[in-house]
Amino acid sequence: TESFAAAKSAVLIDSESGRVLFEHNKDEKLPMASTTKIMTAICALEGGDLSKKVKIPPRAVGIEGSSIYLREAEELTLKELVYGLMLNSGNDAAVAIAYAMEGSVEDFAELMNIKAKEIGVKSTHFMNPHGLHDPNHYTTARDMAILARHAMSNPVFRQIAGTRAYNI
């Protein structure tokens with residue numbers, strides 16, 4: 001438990017049973033930053049057609065922070081965007097996924113909130129697909145543990161998360 005001493009909040013669960021093994025301020029609402037991309041990926045993997053070609057909209061180009069350097073009108077598959085999202089923490093890929101699936105960041109965030117409730121995530125609120133700061137974008141350690149466990153139950157997510165390099 002000493003390694004958790006510096007953490008504001010933490011939860012350790014058994015991935016098979018979901019049993020909580022350790023908890024510290026498990027329900028404190030905190031910013032989630034790029035761990036947001038776990039939900040973005042799950043929404044894409046469980047609700048999208050991974051072979052669908054996505055034409056990159058101008059609003060997905062030049063997003064601050066980490067990037068896969070998308071260019072306007074470039075075409076990638078949804079699967080390639082998910083790889084860019086997860087392997088490079090691509091904020092531009094996150095926005096491109098949002099537009100491809102729901103037509104806007106706001107509508108995609110609503111999809112993320114609906115999906116969160118479906119999988120038992122109760123104290124989280126999404127405002128965007130990338131995790132850039134917004135005061136209304138937050139989660140708890142308990143919810144992150146639930147989301148991560150759900151994500152790892154998806155074989156395609158597990159494959160992407162275990163990939164070291166992917167050429168697009």
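User: Before the helices are discussed, how are helices and their axes defined?

Analyst: Helices (H or I, at least four residues) and strands (E, at least two) are DSSP runs, numbered from the N terminus. Axes are lines fitted to C-alpha atoms, for helices over the stretch in contact, and angles run from 0 to 180 degrees between N-to-C directions. In this predicted model, local features need pLDDT of at least 70, side-chain atom pairs count only at pLDDT 80 or more, and totals for chains, interfaces and linings use all residues. Residues are numbered from 1 along each chain as its sequence is written, and side-chain values use heavy atoms, without hydrogens and water.

User: What describes the placement of helix H1 against helix H5?

Analyst: The axes of H1 (residues 36-47) and H5 (residues 141-152) come within 10 Å and cross at roughly 35°. Contact (heavy atoms within 4.5 Å) is made by Ile38, Met39, Ile42 and Glu46 of H1 and by Leu147, His150 and Ala151 of H5.

User: Why is Ser67 called buried?

Analyst: Buried means under 20% relative accessible area, exposed over 50%, and partly exposed in between (1.4 Å probe, protein chains only). Ser67 has 14% relative accessibility, so Ser67 counts as buried.

User: Where does Ser67 lie, and what does its side chain reach at 2.8 Å?

Analyst: Ser67 belongs to the loop between strand S3 (53-55) and strand S4 (75-77). Its side chain reaches the backbone nitrogen of Tyr69 at 2.8 Å.

User: Which residues does Ser67 touch, leaving aside those up to four places away in sequence?

Analyst: Ser67 touches Asn88, Gly90, Asn91 and Asp92.

Technical notes: Polar contact = N/O pair within 3.5 Å; in protein donor to acceptor, adjacent residues only side chain to side chain.
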